[in-house]
Each structure stands twice: as structure tokens, then as C-alpha cells.
Amino acid sequence: MNFWDYLGNRHQQLLTDAFQHASAVFQCMVVATLIGVLIGVLTYRSEWAGNLATTTTSTILTVPSLAMIGLLIPIVGLGVAPTVIALTLYGLLPIVRNSIVGLRGVDPSLIDAAKGIGMSRLARLFRVELPIAWPPILTGIRVSTQMLMGIAAIAAYASGPGLGNEIFRGIGSLGSKNALNQVLAGTLGIIVLALLFDAAYVLIGRLTIPRGIRV
């Protein structure tokens, strides 16, 4: 059976796996973005706190994904839980780092002007600082998403959802007639999803970043 015949016969399962893969990455990115931006907001004013946040999230990223999921299995079991926790933790670094960099890069004169017209600290954060810091934050989100697309494939090791199941089935049946087709289908599916997500982020950037800031 050639690759195109395999896709035709297995398209329903592949679409289901692709949807589960995209859904897992999307949901974990939402959580990672909320946590990462919050950490950035809480730490960007302090040099040591910002360095601590960046170092901590960097350390998490150095843990091999297979080891991370393996360590989580005895604690939370198999399935979705270890996948969600691992992906969320891995997605933090680019978002935290870019949030800190973006917030620190806001022109102090703009903050002073906002103070001068009576804005509270919270109002300045949401109406001045975060909008200006949004481009680097969005870049961090894009980088995290691309990383998680690949890492999510390892979730199959813990009976997690996604296209990694297709890849693991192919690796586990090396030598069979469909082993290569399974690995190739899973890998290409992840690449297509990564490109679609990145295109969506480009569109979001065009819709949410003023032209002057983009330039």
C-alpha cells in the first residue's frame, strides 16, 4: 500500500488524531499564555525576579520531554493529564521571557504621560504597557506553539491524544508494510498543523498590532 492509499483508508482516524493534537496544543497554549504573561507582569519591574522567572522556566525546558511525561505518570496517571501539564510547562519560557522584555521596553515617557492624566497602575498596565508589549508577547506565543506541536507527539507515550499515536504505532511496527506510512502521516500532519497555527498568528498580529508598532 502506497502512502496516498494509506491516507485514503485512514483519513477518518488521521483527522480525529489531528483534531485532538491541535486541541491539546491550543488549550495548553491558552493556559501557558495566561500564566506566562502573569509571571512577566509580576516580575518585570525587578531585575532579580525577572532573572529568576527566566531561569526557572529555562530549567524546565531542559528536562527531556519523555522524562517529564514519565515522571508525571506516577503522579497524575496516563492520558490527558500528563500531556496538559508537560505542554503547559514547556510553553512558558518564550512567553515569560518575551513578556518581560516587552514590558521593560515600554518608553518611560509614555508611562509618565499616563500617570499625568490620572491613570491608575492597573489602567496603565492594561491600556498602555501590555498593548505596546503585545508584539514581542505574540512572538513568544508563536515560538511556544511551534515547540509544543512537536513535543505533543511524545504524549502518545502516556496514552495521550494526538498524531503522536500514529508515529508511535509506526515505530512499534517497524518492518511491517505500513510502518513508514504511519510515521510519515503523523509527522506530516504535525507539520501542517504547525503551519496553520503560525498562519493564524500572523493574521492575529495583523488584526491586533497597529501598523505603527508593526513597523
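# Briefing on a predicted helical model

A search of the whole structure finds six salt bridges. The model is a predicted one. An unreviewed UniProt entry annotates residues 18-201 as "domain: ABC transmembrane type-1", and that span is 82% helix and 0% strand.

**Annotated spans**

- The "domain: ABC transmembrane type-1" annotation comes from an unreviewed UniProt entry and covers residues 18-201. The end C-alpha atoms of this span lie 19 Å apart.
- The label "transmembrane region" is given by UniProt, again in an unreviewed entry, to residues 24-44, 65-93 and 183-204.
- Residues 24-44 are 95% helix and 0% strand, and 29 Å separates their end C-alpha atoms.
- Residues 183-204 are 100% helix and 0% strand, with end C-alpha atoms 32 Å apart.

- Side chains of opposite charge can pair when their charged atoms come close.
- Arginine 169 and aspartate 17 form a salt bridge through their side chains, at 3.7 Å from N to O. This pair links distant parts of the chain, since arginine 169 belongs to helix α8 (residues 164-172) and aspartate 17 to helix α1, 152 residues apart.

- Arginine 45 and glutamate 129 meet in a salt bridge between their side chains, with an N to O distance of 3.8 Å. Arginine 45 sits in the loop between α1 and α2 and glutamate 129 in helix α7, so this pair ties together parts that are 84 residues apart in sequence.
- Arginine 45 is partly exposed, with a relative accessible area of 48%. Glutamate 129 has a relative accessible area of 2% and is buried.
- Arginine 142 forms a salt bridge with aspartate 198, and their closest N and O atoms are 2.8 Å apart. Because arginine 142 is in helix α7 and aspartate 198 in helix α9 (residues 179-208), the pair ties together parts that are 56 residues apart in sequence.
- Arginine 142 is partly exposed at 28% relative accessibility, and aspartate 198 is partly exposed at 21%.

**Packing of helix α4**

- Helix α4 (residues 80-90) has Pro82, Thr83, Ala86, Leu87, Thr88 and Tyr90 as its buried residues.
- These buried residues pack against α1, α2 (47-62), α3 (65-76), α5 (92-104) and α7 (121-151).

- Serine 144 is located in helix α7. With a relative accessible area of 0%, serine 144 is buried.
- Not counting residues up to four places away in sequence, serine 144 touches Met29, Gly91, Pro94 and Ile95.
- Isoleucine 111 is located in helix α6 (residues 108-116). Its contacts, leaving aside neighbours within four places in sequence, are Val106, Arg124 and Glu129. Glu129 is also the salt-bridge partner of arginine 45.
- A distance of 9.1 Å separates the C-alpha atoms of isoleucine 111 and leucine 125, which are 14 residues apart along the chain.

**Surface patch**

- Phe26, Val30, Val31, Leu34 and Ile35 make up a nonpolar patch on the surface. Together they have about 440 Å² of accessible area.
- One of these residues, phenylalanine 26, lies in helix α1 (residues 3-43).

**Aromatic pair**

- The count of aromatic pairs comes to one. It consists of phenylalanine 3 and tryptophan 4, whose ring centres are 5.4 Å apart and whose planes stand at 65°, so the pair is edge-to-face.
- Phenylalanine 3 is buried at 15% relative accessibility, while tryptophan 4 is exposed at 64%.

Methods: Residues are numbered from 1 along each chain as its sequence is written. This is a predicted model: local features need pLDDT of at least 70, side-chain atom pairs count only at pLDDT 80 or more; totals for chains, interfaces and linings use all residues. Side-chain values use heavy atoms; hydrogens and water are left out. Patches are made of residues with over 30% relative accessible area and no salt bridge: like charges are joined within 9 Å, nonpolar side chains (Val, Leu, Ile, Met, Phe, Trp, Tyr) within 5 Å. Accessible areas come from the Shrake-Rupley method with a 1.4 Å probe; for residues, only the protein chains shown count as cover. A salt bridge is a side-chain nitrogen of Lys or Arg within 4 Å of a carboxyl oxygen of Asp or Glu. Helices (H or I, at least four residues) and strands (E, at least two) are DSSP runs, numbered from the N terminus. Buried means under 20% relative accessible area, exposed over 50%, partly exposed in between (1.4 Å probe, protein chains only). Contact means heavy atoms within 4.5 Å. UniProt positions are given in the numbering used here, feature names are shortened, and annotations may be inferred rather than shown by experiment. Rings of Phe, Tyr and Trp (its six-membered ring) pair if their centres lie within 6.5 Å; planes under 30 degrees apart count as stacked, over 60 as edge-to-face and the rest as tilted.
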